[in-house]
Amino acid sequence: MPLTLTFLPTKQNFTAVYRRFTSTTLCRWAESIDPKAFHPEMKIKDSSMMKKKTGKDRFLPKPFSAFAAGSSKMRAICNTNNAVANDSSSRLNIVSPPDTPLSAKEWEKLKEEYQHFKKFENVMFESMITNHSPVEVAKSLLVAMAKRDGDIEYNYLVMYLAICVFHKDIEEIYDIYNIMKAKYKSLEASAYSLLIKGLSGSPHWKETLVLLEKVKKVSFHSKQNYGDCIEGALLNQERNLAFELFHEMVAENLTPALTTVKLFFDFCQPVKEDHLKNKCTNILYYLRDHQIYPDESLMLSIKQWFESRQCPSCGHLLEDINLSEEEFINVKEKIKRDVIEGTDVFRNTSPQELERFQRFVNEHPPFDVVIDGLNVAKTTLRNPSSKTLLDVVFYLAQKYHRLLVLGRRHMLKHSFQWRKSDMDVMQKKADFFFTDNMSKDDPFLLYATFHSGGHCMIVTRDLLRDHKAVLSDSVTRRLFFKWQRGHQMVVSSYIPGKILTFEDALPYDTIVQTDGNTWHIPYDDNLSNRASFEIPVKWLCLQKK
Amino acid sequence: MTKYGLFLTMPSKISTCGTLRMIYLNKNISKNADENIDLDEWKSVVLSGLEKEAFEKASPEEEPNIAAIKEYIDMSRRLGKAAPENITEEQLKRLIEYSSVSSRNRYLAFLASKEMRKNAEKEKKKKQQEERDELRKTIDNEDLTPKSRLFRAIWDSSMDVVYNWKAAQAMSFGQPLVFDMDFNDMSEREMQNTVNQMMECEGANRKAVEPFHLYYCNLKEDGPYHKEFLKRYGDAWNNLFVTATEKSYVELFPRDQIVYLTSDSPNVMETFDHNKIYIIGSLVDKSIRKGVSLARAKRLKLATAQLPLERYFHWKSGAKVLTLDQMIMILLTLKNTGNWKEALEFVPKRKHEGFLDPSLQHFIHRQKNRKMSEQNFKKKLLVEELSKKRLWNGLWEE
């Protein structure tokens, strides 16, 4: 089925893309957006500043994009003068394992060569694991040890097991399993995990379920173990069992690995059973509810899964980013409780100041934009702070009615950075509130914005991660992040007197979504490293004919 | 959990069948392997002498029972993970209370290191004892003639008497130094560390030339702090030359003399004032909670100050929050000498790149640079403005 992947910069730019394809499948990747392309350049009217610079401008603006995947990494590289090389100094393989099985005598010889090691066998096994030596070599070392000591210690068994699991030597794994059963009452987590992994692809896969129960008894289950069990079940066509395991895993508050999710889409394809289709769709809903994004390989699996029944051409409007009334009130309450008051009101502010602020907010009608004065003012060092703030306020005043600028008291004191005249001009355009110099201004910023209602925008380059972290539960954190994406405007680039561009808030929500006929699934490509406070920019878009 | 009953009740065919399969396997592998090495020999060696099946059937309805956990720890040890050899019932209970793999592993590693230290200590003592015995033998053979001395040997107990006299003097005439003990949301581990540091402080104070008069304010009777103190000091707690009180420092001292020391304070301490009462928050926060003690000072409207670490050091890394014993050592040195360089010796060396005198060129240089760049900037703007032939409108009055 043909695919179109469209990136949707603004509501106006959203045009329907209808394409007809006869037989080929096509993917058009969303380009990463150049922020300058979508924002009208701002010309400042003061002609005195419009002086052409001769020579090269060494201070090119670095576009600041807030939520696109990979941008924080880019910023980090820009901000450090020399990009830090990845220091992946792996441990030197000090022992190189032999290529062919050795006899006991030969092993003894080798051991003498490496006399300086306390535990020669341990080091040898470790290097075998890293070098993926053949099973026979490891086995010959075991034989030598067994002849010498008459027994094999548990840790060597586990290491040997790891080698067998890597080579998928199922018979050998099963033998080790039986030996371990005979020797020990119970095992520990790493051996259980290895056994589950090794046996899941074998005819003995049902043993993995027994092992999974055993792990639960003494330790904690991991998503890896569940994933391996699910894989075993799916390989043996036990789809219902696999789904049961999946639900059990989700009920345990484990987030399934993307590879596990991928398995379902890979294995449930050939089946034409309707209830399984629904179950796979339910997995998509699960991704939606937990704001999980597929990676590229999973995206391809989902695409193929749909392919048999779906077909392209899409001009569908994506989901709106605004929170529902109920959600908004919930986040607002939590912000007030956790972020502003927190454990101690005095940590961020003082009760008198909070009262003063609440009075201030209640006296004024709702605002359209709330500006983080200090953050905006420090956008560039080439300009006095007050001048930068003045430019931004003037620019925003053209578009919005009611502005609120939050700042600290020290801004009122005339200085080189804060010119009295600029401040006076600004006071006419916007309302101001100044907190004490010791208080934190971000909580007030959030409070004012939420107090003004769902339409109010917030202007700051701060990613507000610390405030998101303070929120007490994960659902609220997700809602807060959604609100932030939809209401935060960022000064992306600014050259005094020349350019002022904003990165507007996203009009749509980036999340797995459907309206019955179409599915839109954002996913991570393999190249960009997405941080937790960013969202993917690529979409998979599927539609029924 | 009972959905798997189906698989759980399946009899697993193991012991006899296993060996049979092995023989069959032997043939398989020995064909392509080296002829002189029997690669499956280890299995028979390991299994010889093992008759019964030791592996138990899992019963999912059961609580995680103690024996299984002990077994689990034992297996972890065999794998070479950090885990203790012996574990008490109480420690096991605590272990089970931890709700994640990583926290359990951390606790086990902690217990293991504790055990190792204990064992090392035992070894050391044994060695010393042996050495002493050796010495004794040689000394016994020597002829001992009494030597004439001015003093009898000065033991620790006589030193303690001197220190206690001095501490008593401080109790009457010394400058107060307050520890604020009103931080109750600490974990058990942090609480123990705090009391450890407090004991260090008390010891350091006693040995000083001119000790402070220590106040432990807001110390709740039978609170967690008090219990910990009693546990650590035992009977000595009542003989300490400190004032422990449930009252707040605000009730005991005039407000205008109190200075709360906190690293979040905007004010930098210039000199040590002998008429002020300094307060140290006795709090250990492993997860750094910013502004806790500053918030407290703000609530009571007290003056605050931070040490001038920025001014005297090239700060390298690490938090500017110091431990309680480092704080008291710094304050004692300041009190008795007034020399910042000497006092700040007690800041850990790993955190900075050496002391620098603020009178040094470096600082002035930086100030100059800043001024220069500002002036250049102004000049540039001025030239721009003037080149536009606009009148100067007095923006840059100085």
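## A positive patch on chain B

On the surface of chain B, a patch of positive charge brings together B:Lys114, B:Arg117, B:Lys118, B:Lys122, B:Lys231 and B:Arg232. Two elements of chain B, helix 6 and helix 9 (224-233), each give two or more residues to this patch. Helix 6 makes the biggest contribution, with four residues. Keep in mind as you look around that this is a predicted model.

Let's pick out one member of the patch. B:Lys231 sits in helix 9 of chain B. Is this residue, B:Lys231, buried or exposed? Its relative accessibility is 62%, so B:Lys231 counts as exposed.

## A negative patch on chain B

Chain B also carries a patch of the negative kind on its surface, formed by B:Glu130, B:Glu131, B:Asp133 and B:Glu134. To find your way there, look for B:Asp133 in helix 6 of chain B, which covers residues 101-141. Helix 6 also gave four residues to the positive patch. B:Asp133 has a relative accessibility of 35%, and therefore counts as partly exposed.

## A buried aspartate in chain B

B:Asp180 belongs to strand 1 of chain B, which runs over residues 176-180. With a relative accessibility of 0%, B:Asp180 counts as buried.

What does the side chain of B:Asp180 make a polar contact with at 2.8 Å? The partner is the side chain of B:Tyr260. The side chain of B:Asp180 also reaches a backbone atom, the nitrogen of B:Asp182, at 3.4 Å.

## Salt bridges in chain A

Over all chains, the count of salt bridges comes to 37. Start with A:Lys262 and A:Asp266, which form a salt bridge whose closest N and O atoms are 3.2 Å apart. Both residues lie in helix 12 (residues 258-267) of chain A, and they are four residues apart, or about one turn of the helix. A:Lys262 has a relative accessible area of 22%, so this lysine is partly exposed. A:Asp266 is partly exposed too, at 30%.

Next come A:Glu319 and A:Arg288, whose side chains meet in a salt bridge at 2.9 Å, N to O. A:Glu319 is in the loop between helix 14 (296-307) and helix 15 (325-341) of chain A, while A:Arg288 is in helix 13 (residues 274-289), so the pair ties together parts that are 31 residues apart in sequence. A:Glu319 counts as partly exposed at 23% relative accessibility, and A:Arg288 is partly exposed with a relative accessible area of 24%.

## A buried pair and a network

A:Lys482 and A:Asp509 form another salt bridge, with their closest N and O atoms 3.6 Å apart. This pair links distant parts of the chain, 27 residues apart: A:Lys482 is in helix 23 (residues 474-487) of chain A, and A:Asp509 is in the loop between strand 6 (499-503) and strand 7 (513-514). Where the cut-off for buried is under 20% relative accessible area, A:Lys482 is buried because its value is 15%. A:Asp509 counts as buried as well, at 1% relative accessibility.

Finally, which residues of chain A are linked in a network of salt bridges? The network joins A:Glu108, A:Lys111, A:Glu121, A:Arg148 and A:Asp149.

Key. Residues are numbered from 1 along each chain as its sequence is written. Chains are lettered from A and ligands numbered from 1 in the order in which they are written. This is a predicted model: local features need pLDDT of at least 70, side-chain atom pairs count only at pLDDT 80 or more; totals for chains, interfaces and linings use all residues. Side-chain values use heavy atoms; hydrogens and water are left out. Patches are made of residues with over 30% relative accessible area and no salt bridge: like charges are joined within 9 Å, nonpolar side chains (Val, Leu, Ile, Met, Phe, Trp, Tyr) within 5 Å. Accessible areas come from the Shrake-Rupley method with a 1.4 Å probe; for residues, only the protein chains shown count as cover. A salt bridge is a side-chain nitrogen of Lys or Arg within 4 Å of a carboxyl oxygen of Asp or Glu. Lys and Arg count as positive and Asp and Glu as negative; His and the chain ends are not counted. The place of a charge is taken as NZ of Lys, CZ of Arg, CG of Asp or CD of Glu. Buried means under 20% relative accessible area, exposed over 50%, partly exposed in between (1.4 Å probe, protein chains only). A polar contact is a pair of N or O atoms within 3.5 Å; within protein, one must be able to donate a hydrogen and the other to accept it, and residues adjacent in sequence count only if both atoms are side-chain atoms.
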